[in-house]
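Welcome! Open your viewer, and let's walk through this structure one selection at a time.

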Amino acid sequence: MPRPSPITPLPVISARDAARLMLLGQGLLDSPEGKAPPQRVAATIERLGFVQVDSINVIERAHHLTLAARLDEYRHESLRTLLEGDTRHLFEHWTHDASIIPLRWYEHWKLRFVVSRTRIQQDAWWRERMGASPELVLRRVKARIRAEGPLQTRDFLGDRAATSGASADPRAQGKGQGQGKGQGWWSWSPEKAALEFLWRTGTLAIARRERFEKVYDLSERVFTEAHARPAPSRRVHVEWACASALERLVIATPRELAAYWHTASLAESRAWLERAARDGRVTPVRVADHRGTARDAFALPAWRDLHDAAPDAPERIRLLSPFDPLLRDRARAARLFGFDYRFEAFVPAAKRIHGYYTLPILEGARLVGRLNASHDRDRGRVVVEGHSWEEGVRATRARKAALGEALARLAALVGADSVQWR
């Protein structure tokens, strides 16, 4: 790692300042008020880089919660327009997990398609699902979609088999339900495995979703212009991946930079940072955690100006998705905010501390608590199963009122009529 001369020590960024820059990069210092038409939703997603998609729907799907935390008047229809409308601005594919991504970066995923093809074909799980003649199955599935147009898994398997799992990720099937090998993703048919393979490797795209189930079509028909663009070189791709990641993180270690898009390797990210430091495009720094212990990292050269020009965080409480980009790196959230978060949906019920689907509570620039809730759709209400405040955070009247306002916004998002506390 390049370092200044011994007489010029590295600048140390406090945990509080680093957290402020993280909030800035994640769009959580801007006011969430005002209308949220499709163009504002698209700008928000581009600023974040991507929004993670997750199949769990206890309250609302993760991507809707992430956007609603930043846009008070966010509505599902705006995102659907951007993903499925005549003029598409977004597409679904993989970063570190299934995500919604600006379409203008589609060509960078072409390199990922090649890597995915090799990796999946070597995977024992996939070979077991596909049977003895995988190429025959792939050709048959692709030919049907080419001839018939967009199709769902159920069009190949029938309703019973199709509903055994519609998640973007086979690991997500039966989350928290203890499914065994006879159920869920272990029972995928060759056709379903083929559809996922063709999507992961770029032949198919998600044309739309129906009840969250993917509807596949040929990528060349869904993204005609983007599909025609050539793939970048590896050098150009790594430059884009690292530069765009640091633009959103502001401060990062090589490992954090590599993890952002989950495409540049750790070695590539480290080499890029070293080159960028020599060119003056990044600056080596030390970043302290909430206890004062510092570690080496890199920052945008203008990090001080960005920090000083950033607005103060809105004085309100926001309920974050467990998959919000602020919490995606649990270790970083613990270092900068002193907030040790664990997603407990995968934890056996008897061992859960805070609940199955716990929403982190963001108050201004601080993570101050957790709220476990669900959406009772039959009765049209959000049910608060429990909540807790972090150590040293008092349940004042003003704080409880702000939490009530956040819950009212959540209820409006999911179409609930009321909030019930248990």
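This is a predicted model: local features need pLDDT of at least 70, side-chain atom pairs count only at pLDDT 80 or more; totals for chains, interfaces and linings use all residues.

The tour goes from the whole chain to a single residue.

**Stop 1: the whole chain.** Turn the model around: along the principal axes, the C-alpha atoms fill a box of roughly 65 × 55 × 40 Å.

**Stop 2: the surface.** The accessible surface of the chain comes to about 19,300 Å², and carbon and sulfur atoms account for 49% of that.

**Stop 3: the inside.** Hide the surface again. Of the 422 residues, 55% are buried. How do contacts link up the sequence? Taking contacts between residues at least 6 apart in sequence, 63% join residues at least 24 apart.

**Stop 4: the largest nonpolar core.** Select residues 397–414, which form helix α19; this helix gives the core its largest share, eight residues. The core has 127 residues in total, and I251 and L410 are the ones that touch the most other members.

**Stop 5: one residue up close.** Which residues does I251 touch, leaving aside those up to four places away in sequence? Select I251 and look for its partners, among them I13, A18, L21, L246, V285, V287 and F298. E256 is also one of the residues that I251 touches.

Note on methods: Residues are numbered from 1 along each chain as its sequence is written. Side-chain values use heavy atoms; hydrogens and water are left out. Buried means under 20% relative accessible area, exposed over 50%, partly exposed in between (1.4 Å probe, protein chains only). Contact means heavy atoms within 4.5 Å. Accessible areas come from the Shrake-Rupley method with a 1.4 Å probe; for residues, only the protein chains shown count as cover. A nonpolar core is a set of buried Ala, Val, Leu, Ile, Met, Phe, Trp, Tyr and Cys residues joined through side-chain atoms within 4.5 Å. Helices (H or I, at least four residues) and strands (E, at least two) are DSSP runs, numbered from the N terminus.
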